[in-house]
Amino acid sequence: MSTAAARRRPATIHDVAREAGVSRGTVSRVLNGGHYVSPSAKAAVDAAIRRTGYVVNRHARSLITGKSDSVAFLLTEPQERFFEDPNFNVLLRACTQALAAQDIPLLLMIAGTEDERRRNLRYIEAGHVDGVLLVSSHTGDPVVARLHEAGVPVVACGKPLGQTAKIGYVAADDRDGARDMVRHLHASGRRRIATVTGPLDTPGGVERLAGYRETLAEVGLPVDENLIAAGDYSRASGEDAARDLLERAPDIDAVFVASDLMAQGVLDTLARAGRRVPEDIAVGGFDDSPAALSSRPSLTTIRQPWDRISTEMVRTLLARIAGEDPAAVILPTELVRRESA
């Protein structure tokens, strides 16, 4: 075949072998992890792949290995929440980059309804992905149990609640982050410190509220249930919660809000009520998402290390796929001081 004709068709494993001056079997071993291949042969194959532009036929390889060489990013929230909450986009992008370094594609799957959950679980259980990065699981959500029963490797973002199955997870230290924020508000002279919680069927909602309660007790302030309002991590729920707090306890002088997006809603309500931030009421968020910088005033918040969370989720999932036991990783948070508190 002429050189021009060869360029008109995709390069094959035979082309790589011929270019590298090695056997087809050697190329195959390089493509499947480089076991029992000398460094010089591997270098020759890698260089030949670059020169020929060879791309692995994943479908053909999956027929041989029984693996799909792909991973699912499964978000158990409504579709509109994916587009509203910047944290999900940050996490998705970082996980995609971490997997790209391993030449593994990431498939986004949203399961916010029963029908979506059923379709996505059927697809996953059929073996179309090798593992699942599970994001935003709720107490009582059947997804974790179903995936565990099906033998699908799973790593959750945040500690799964109410699960008997041993599932690997990666989480920021939500409780310690909440403690840092409440201590900061107290140190600035605030004594009527309210909170807007996240959903209390999620690990972040539970742990951040626990940190709030513990720190009030630590600094000698009573835990007043009138100063606790529930949210669902949406901006609208932050607006509603702040309105409820002002009606129940108009003398509040600080609010710890369990997400930056909800904190934006709190700021909107306070502005409409004529309350100055931070002069009248200090506001602290959680996440250090893009919402923290776009808020007016900019948000004092708790930074979650999203890049590290993503990297650790990918690392622990690939380890699970390789047969290792589930692992739990908890990463420290950081108080970021800005204008709102």
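Reader: Which residues in H15 are met by residues in H7?
Author: In this predicted model, the H7 side of the contact consists of Asn 87, Val 90, Leu 91, Ala 94, Cys 95, Ala 98 and Leu 99. By class, the residues of this H7–H15 contact are 11 nonpolar, 3 polar and 1 charged. The residues met in H15 are Trp 306, Asp 307, Ile 309, Ser 310, Thr 311, Met 313, Val 314 and Leu 318.

Reader: At roughly what angle do the axes of H7 and H15 cross, and is H7 parallel or oblique to H15?
Author: Helix H7 covers residues 86–100 and helix H15 covers residues 306–321. Their axes come within 8 Å and cross at roughly 50 degrees.

Reader: What is the handedness of the crossing of H7 and H15, right-handed or left-handed?
Author: The sense of a crossing is a separate matter from its angle. For H7 and H15, the crossing is right-handed.

Reader: At what angle do H2 and H3 pack, and is H2 perpendicular or parallel to H3?
Author: Helix H2 (residues 13–20) packs on helix H3 (residues 24–31) at about 110 degrees, with the axes 8 Å apart. Angles of 65 to 115 degrees count as roughly perpendicular, which means that H2 is, relative to H3, roughly perpendicular.

Reader: By class, how many residues of the contact of H2 with H3 are nonpolar?
Author: From H2, the contact draws on Ile 13, His 14, Val 16 and Ala 17, and from H3 on Arg 24, Val 27, Ser 28 and Leu 31. Of these, 2 are polar and 1 is charged. The number of nonpolar residues is 5.

Reader: Are H2 and H4 oblique or parallel to each other?
Author: Helix H4 comprises residues 39–52, and its axis comes within 8 Å of that of H2. The two axes cross at roughly 120 degrees, and the crossing is right-handed. The helices H2 and H4 are therefore, to each other, oblique.

Reader: What area do domain 2 and domain 3 bury between them?
Author: Domain 2 comprises 71–172 + 306–332, and domain 3 comprises 174–303. The C-alpha centres of these two domains are 28 Å apart, and 14 residues of domain 2 are in contact with 14 residues of domain 3. Carbon and sulfur atoms carry 54% of the buried area. The total that domain 2 and domain 3 bury is about 1,200 Å².

Reader: Which residues in domain 2 lose the most area to domain 3?
Author: Three residues together account for 31% of what the domain 2 side buries. They are Arg 81, Glu 84 and Leu 161.

Reader: What is omega for the cis peptide bond that joins Val 277 and Pro 278?
Author: Pro 278 is situated in the loop between helix H13 (260–272) and strand S9 (282–284). For the cis bond joining Val 277 and Pro 278, omega is about 10 degrees.

Reader: What is omega for the peptide bond from Arg 296 to Pro 297?
Author: Pro 297 belongs to the loop between helix H14 (290–294) and strand S10 (301–303). The bond from Arg 296 to Pro 297 is cis, and its omega is near 0 degrees.

Reader: What is the phi of Tyr 233?
Author: Tyr 233 sits in the loop between strand S7 (228–230) and helix H12 (235–248). Although Tyr 233 is not a glycine, its phi is positive, at about 80 degrees.

Conventions
Residues are numbered from 1 along each chain as its sequence is written. This is a predicted model: local features need pLDDT of at least 70, side-chain atom pairs count only at pLDDT 80 or more; totals for chains, interfaces and linings use all residues. Side-chain values use heavy atoms; hydrogens and water are left out. Axes are lines fitted to C-alpha atoms, for helices over the stretch in contact, and angles run from 0 to 180 degrees between N-to-C directions. Helices (H or I, at least four residues) and strands (E, at least two) are DSSP runs, numbered from the N terminus. A crossing is left-handed if the near helix is turned anticlockwise from the far one by less than a right angle, and right-handed if clockwise. Contact means heavy atoms within 4.5 Å. Ala, Val, Leu, Ile, Met, Phe, Trp, Tyr, Cys and Pro count as nonpolar, Asp, Glu, Lys and Arg as charged, and the others, Gly among them, as polar. Domain bounds come from an automatic or database domain assignment. Buried area is the accessible area (1.4 Å probe) that two parts lose on being put together, summed over both. Angles under 35 degrees count as roughly parallel, over 145 as roughly antiparallel, 65 to 115 as roughly perpendicular and the rest as oblique.
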